[in-house]
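Take a look at the model below. This report covers how two parts of one chain meet.

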Amino acid sequence: MAVAELSCTETATCFRPSQLSLSSSSSSSRFSHHFRRSFRPLPRTRNPTISCSVTSDKVQTPTSVQAETPKGKTECYGVFCLTYDLKAEEETKSWKKLINIAVSGAAGMISNHLLFKIASGEVFGPDQPVALKLLGSERSVQALEGVAMELEDSLFPLLREVSIGTNPYDVFQDAEWALLIGAKPRGPGMERADLLDINGQIFAEQGKALNASASPNVKVIVVGNPCNTNALICMKNAPNIPAKNFHALTRLDENRAKCQLALKAGVFYDQVSNMTIWGNHSTTQVPDFLNARIKGLPVKEVIKDHKWLEEEFTEKVQKRGGALIQKWGRSSAASTAVSIVDAIKSLIIPTPEGDWFSSGVYTNGNPYGIAEDIVFSMPCRSKGDGDYELVKEVIFDDYLLKRIKKTEAELLAEKRCVAHLTGEGIGFCDLPEDTMLPGEM
Ligand SMILES: NC(=O)C1=CN([C@@H]2O[C@H](COP(=O)(O)OP(=O)(O)OC[C@H]3O[C@@H](n4cnc5c(N)ncnc54)[C@H](OP(=O)(O)O)[C@@H]3O)[C@@H](O)[C@H]2O)C=CC1
Ligand SMILES: O=C([O-])CC(=O)C(=O)O
């Protein structure tokens, strides 16, 4: 990559054309794509005036550089509001079409890890330009600006647009991925029914907004807890988006389960495959050691201590979130972000032959006899086209079925509790006593 020397005035953040160079393209077309960065909507008192000079014979200066005209609340800021028309007629063939990724709770801890992974190209690939659409609230609007500033300062070549906002109808416009992370944490003394209601309202509104504004085939990953029921609420409020496109994140649970099995078996964790988490992202979730494999063998053939599998292993995975909170003083953020990346990649990269991954998906004609019309974590496989199919070749025993029944009952109770948010009557909460998030202990 050519190195350009930059000199800038104080009021402008300089854009480095060298950041856009493509290793495979000729020097004449290196910077020849139209490139727009926008960062909305905080009003600024002054317009950025651009005064950057690029001194390198290897690097072309942009053919035109314009600051976006301020327009009310969508006035832009910093490097993301510049428009570069880099010899548009020579548009390079190497870049894929820009994709729009909306993230809620964007100023929260999980997002603080996730956004930088997405912007770096680690998630969607090194030739996939991305636009980040960050949803916050009045609480977080300053913090969101801070996030965007850090994104600016990271000089990610693939990050073409960053916009921030507090209205989901605006932020979700044309989103092809919606990563719904923001949710109120359960505070001391708060009933789970209250949490379901407060967060359910957030996800009902966001479902409506996705329905109205997002790309019709948007893929939605719900992270904010209680994520299964939030995903159900979101889906029910977005009737124009295929129900199959909604996921509740249980990939972190899958990763935790793989780690514990690897530890017990004394193998590296890439040797653990076919790991299903069944049910709810809660302490009733079922990490399935009956179908999982270690070095291609059934787990029970490798780990002979079946009592450990049924008791210690299962409980350790179910309560890993809480154990982590006790150490950290806050819930897992970095590993959650990693698991969101894994969840996305599982949908855009074909699943390795014979393997599968877990995701909380809508039970609409499932082959396992699980109650219909809930969001339940199940084993999935993808061709890498963003879609998935359920895995049929799984076996059940009494232990597994009994555990699945328990987590199913919990999800059915959560569903009754939020009937007012799914358009199915009046909510009635009869949640099982021990219903807890992984982080609650
Ligand atoms: N499924 C999974 O595997 C996991 C899920 N989680 C869940 O992910 C969610 C986000 O976690 P994390 O990023 O660590 O949390 P943070 O507390 O760091 O951020 C959460 C964000 O949620 C937003 N929010 C929305 N509504 C409210 C509200 N009423 N009160 C307070 N904040 C609100 C806030 O953003 P703003 O003000 O901008 O709206 C806040 O920035 C939580 O629900 C957590 O339980 C966590 C780990 C694993
Ligand atoms: O309970 C929480 O907020 C944290 C959580 O989901 C987890 O760590 O799995």
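## Polar contacts across the boundary

How many residue pairs are in polar contact between domain 1 and domain 2? The count is 8 residue pairs, with both residues at pLDDT 80 or more. Keep in mind that this is a predicted model.

α5 (227-236) is one of the elements that supply at least two residues of the domain 1 side touching domain 2. So do α1 (109-120), β9 (177-180), β10 (219-222) and β11 (246-248). The largest share comes from α5, with 7 residues. Sorted by class, this side of domain 1 has 16 nonpolar, 5 polar and 6 charged residues.

## The two domains

Domain 1 spans 75-247 of the protein chain. Domain 2 spans 251-413. Their C-alpha centres lie 25 Å apart. The contact takes 27 residues from domain 1. Domain 2 brings 31 residues.

## Buried area

Together, domain 1 and domain 2 bury about 2,400 Å² between them. Carbon and sulfur atoms carry 71% of that area.

Which residues of domain 1 lose the most area to domain 2? They are N228, K244 and H247. Together they make up 26% of what the domain 1 side buries.

## Salt bridges

Charged side chains also pair up across the interface of domain 1 and domain 2, where 2 salt bridges are found.

Now find D373 and K236 in the model. These residues form a salt bridge with each other. Their closest N and O atoms are 2.7 Å apart.

How values were computed. Residues are numbered from 1 along each chain as its sequence is written. Chains are lettered from A and ligands numbered from 1 in the order in which they are written. This is a predicted model: local features need pLDDT of at least 70, side-chain atom pairs count only at pLDDT 80 or more; totals for chains, interfaces and linings use all residues. Side-chain values use heavy atoms; hydrogens and water are left out. Domain bounds come from an automatic or database domain assignment. Contact means heavy atoms within 4.5 Å. Buried area is the accessible area (1.4 Å probe) that two parts lose on being put together, summed over both. A salt bridge is a side-chain nitrogen of Lys or Arg within 4 Å of a carboxyl oxygen of Asp or Glu. A polar contact is a pair of N or O atoms within 3.5 Å; within protein, one must be able to donate a hydrogen and the other to accept it, and residues adjacent in sequence count only if both atoms are side-chain atoms. Helices (H or I, at least four residues) and strands (E, at least two) are DSSP runs, numbered from the N terminus. Ala, Val, Leu, Ile, Met, Phe, Trp, Tyr, Cys and Pro count as nonpolar, Asp, Glu, Lys and Arg as charged, and the others, Gly among them, as polar.
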